[in-house]
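Work through the exercises below with the sequence and the 3D view open. Try each task before you read its solution.

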Amino acid sequence: MSRTPGRGAPQLRLRLGFIVIAMVLSFFGARLVQLQGIDPNSYAAMAAAEGVEEVVLPAERGDILDRNGVALADSVHGKMVIADPLMTAENAPEIAQFLAQRLGIDYFTALERLRGRKEGSRFEYVARRVPSTLANDAVDELEELGFEGIILRDDPVRDYPAGDVAANLMGFLGTDEALGGFERTFDRQLAGKDGMARYQVGAGNRIPLGENTVVPARDGTPLQTTLDRDLQWFTQKVVAQTVQSYGARSGAAVVLDTRTGETLALADYPTYDANEPLEADEDDLGSRALSEPYEPGSVQKVLTVAALIDAGKVTPRTRIKVPPSLDRQDRSIGDWFDHGNLRLTLTGVIAKSSNIGTVLAADAFSQLELVDYLRKFGLGQRTDVGVRGESAGILTPGESMTSQTKDRVAFGQSLSVNAMQMAAAVNTIANRGVHVTPSLVQGSATTDEGVTVGTDTAVETRVVSEQAARQVARMMERVVDENVGVAPRAQVPGYLVAGKTGTAQRVSEKCGCYDGSTTVSFGGFAPADDPRFTVYVVVHAPTKDGGGGSIAGPAFSRIMGYTLSRYGVPPTGGKPSRLPVTW
Amino acid sequence: MSSPAVQLRNRVPRIAEAAVERARLSVVPRARNRAARVPFVTLVSLILVGGIVGLLLFNTSMQQAAFAATALEQQASDLAAREQTLQMELEELRDPQRVATQAQQMGMVVPPAPTFLSLDGEVRGMKVPATPEDGLRISPPPVPKPKVLDPAPTIVKVTAEPTPVTKDAQAGKKKGKKAQHTAEHKQRNARQKQR
């Protein structure tokens, strides 16, 4: 066994070995310092992120329901379709064609996105709010065809199954937020709260004993309205037809349940399809019935007369001499029809809608008294039904009202109201003199301004005595009388109907003055001797000749007839009013 | 040596001498444990292997369950989405607009007022026939065409001189007075102008 002397020396081998080990260990040490000493957190985070998946569990948005629980707006599982242009640019035309056919999106937009709008882009929305099943099927098929680079993420879809039904009230959603109507007003209630899940994933599956935390999503609470979808639809169609056939600017109609003040329908025209809000004129998105105040005209006479009777100043048979025109301090007041000296009872004044007669009767009231009554009828104050941008209307306080203004207010000019206020005011007569604040929401809900609205907060206030209300209803029956009234076309065959027409000079937004256009309206209720529903129709600026009786009257009749039949209210068989109109 | 104690002491060893001699400690030869070693080793190995295999199987089955859970979750969400989509389609079918359109196509009209039949044969309400005038316009009016596509009608006034005209031209004249848009009638009008 011969050994070479150098290598054989154990001392030397030991030393060399130590040196090598020391060198290796010092490398390890240096690396350790690098990992632990310099920014250890980023490495820890990287380690944690490896294989841990964090998923947002989207909360389902609450539905908006009608009074029978039918959805006016509902949420559907949806997906956003996202492209990675790096992978899709090559086959963009094929993929775009496929997606355009399957998802009904625009081919050229899709093509642009698939190619990437910016150099090096790796994330492009191809489509948003696609129903989940549709998107899944399409992407599965794309993968089978061998195209890659399209992925899906959760993106709930808001669907308005009935299109334009109650669209003006419901509002709509933008891409990521509620943009109008109930959707925005009650967003806090509807939106719910997204949840979150964190778990470790291996090859697309959860690792059984790995980290796993789930914060469940809290779904939004549905909002139940008092609207009746089918009645709302019908009312909207009647209003639309009326506005179109008379070439009017806009129109609105309100259907109230007399006893509870619940709004069964609130129609606006022009309206829009809630599924396509961007295609509509921006001015049409809100509810004009509440946001645009107008001068109510002669429907107001009903309130004046009810107040006068309640105060014991007049009776339905009070005899009034109506001259051809009435000269007051600053100008003369005329009637809508030329006449000589008439001898009308108060009932006749209402049936013929005489301004002069109303002014003469209202002379028994001071400004303060009249305004006080009108306030109790709900004029000049917001109804707070939960609709955005509601106008309170204008009612001059009694202290600062001149007697000329009072004369005009008595027959419905020089004050402004919104359609809901006026409907609720007419409803007061129907509801035996008790004013019920109208409501649009079942139960209660809190608006984004912190106001609680809904049927739970409805307030009843007695405005006039039951006797006075009944007498006024009897007088209003004469308005739709074929022989003595001005609005026979507002009659619903077989029923006793009470109502009042209104034709007012309309203030133009452009000049802020009366421009010759009119606002025609009709408010009434049926059955007159046991009222169940109050319907109020208003049409702004019709271009064809007509008044409240001929334009709004027939619309009232149709809506009322349909409502009575829908809720199965039979005729009462009561005797029609025989109050004299002349003496 | 005369004391009794000493005598006693001397006497005892003498008596126990043999026993003491026997009881002297000595190294015991190591007892050879002849218990079989194989079964024990086998048992331990079995427990070990069984444990490992069991753990493996348990882990695998858990993994399997996780796969199943993921697949089922996926299926559940797919089905939920399908249900919602079907619900959405159903709601679209229930859309009052669609129902009304179909009803109208079948010739149905919303009556102006209802009548009620009671069980004793009494009819309440006024029987009013529903007429076509009661028909509700449920679709929006057609969008007006731009001027380019809908030019003003060309109206040609023709003096009533008794010129011999063909029947065809006469028909054209009548129609020409009304608003006519089609190219064909324009041509006819042009012909009349030439005359």
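**Exercise 1. Find which residues A:Thr543 is in contact with, leaving aside neighbours within four places in sequence. Then decide whether A:Thr543 is buried or exposed.**

Step 1. Apply the contact rule: two residues are in contact if their C-beta atoms, placed from the backbone, lie within 7 Å. A:Thr543 then contacts A:Tyr246, A:Gly247 and A:Ala248.

Step 2. A:Thr543 sits in the loop between β24 (533-540) and α20 of chain A. Helices (H or I, at least four residues) and strands (E, at least two) are DSSP runs, numbered from the N terminus.

Step 3. Count neighbours. A residue is buried if 20 or more other C-beta atoms lie within 10 Å of its own, exposed if 12 or fewer, and partly exposed in between; C-beta atoms are placed from the backbone. A:Thr543 is exposed because it has 10 C-beta neighbours inside 10 Å.

Step 4. A:Thr543 and A:Glu53 are 490 residues apart in sequence, and their C-alpha atoms are 64 Å apart in space.

A note on the source: this is a predicted model, where local features need pLDDT of at least 70, side-chain atom pairs count only at pLDDT 80 or more, and totals for chains, interfaces and linings use all residues. Residues are numbered from 1 along each chain as its sequence is written, while chains are lettered from A and ligands numbered from 1 in the order in which they are written.

**Exercise 2. Is A:Ala307 buried or exposed? Which residues does it touch, not counting those up to four places away in sequence?**

Step 1. Locate A:Ala307 in helix α13 (residues 299-310) of chain A.

Step 2. A:Ala307 is buried, because 25 other C-beta atoms lie within 10 Å.

Step 3. A:Ala307 touches A:Leu370, A:Tyr373 and A:Val464.

Step 4. A:Val453 is 146 residues from A:Ala307 along the chain, and their C-alpha atoms are separated by 28 Å.

**Exercise 3. Describe the largest nonpolar core.**

Step 1. Define it. A nonpolar core is a set of buried Ala, Val, Leu, Ile, Met, Phe, Trp, Tyr and Cys residues joined through C-beta atoms within 7 Å.

Step 2. The largest core has 135 residues; A:Ala253, A:Val254, A:Ala306, A:Val472 and A:Val537 have the most contacts inside it. Its largest share, nine residues, comes from helix α18 (residues 419-430) of chain A.

Step 3. Take A:Val472. Not counting residues up to four places away in sequence, A:Val472 touches A:Val302, A:Val305, A:Ala306, A:Ile309 and A:Ile429.

**Exercise 4. What are the dimensions of chain A, and what share of its residues is buried?**

Step 1. Chain A has 20 helices and 24 strands.

Step 2. Its C-alpha atoms fill a box of roughly 155 × 50 × 50 Å along the principal axes.

Step 3. Buried residues make up 49% of the 583 residues in chain A.

Step 4. Take the contacts in chain A with a separation of 6 or more. Residues 24 or more positions apart account for 73% of them.
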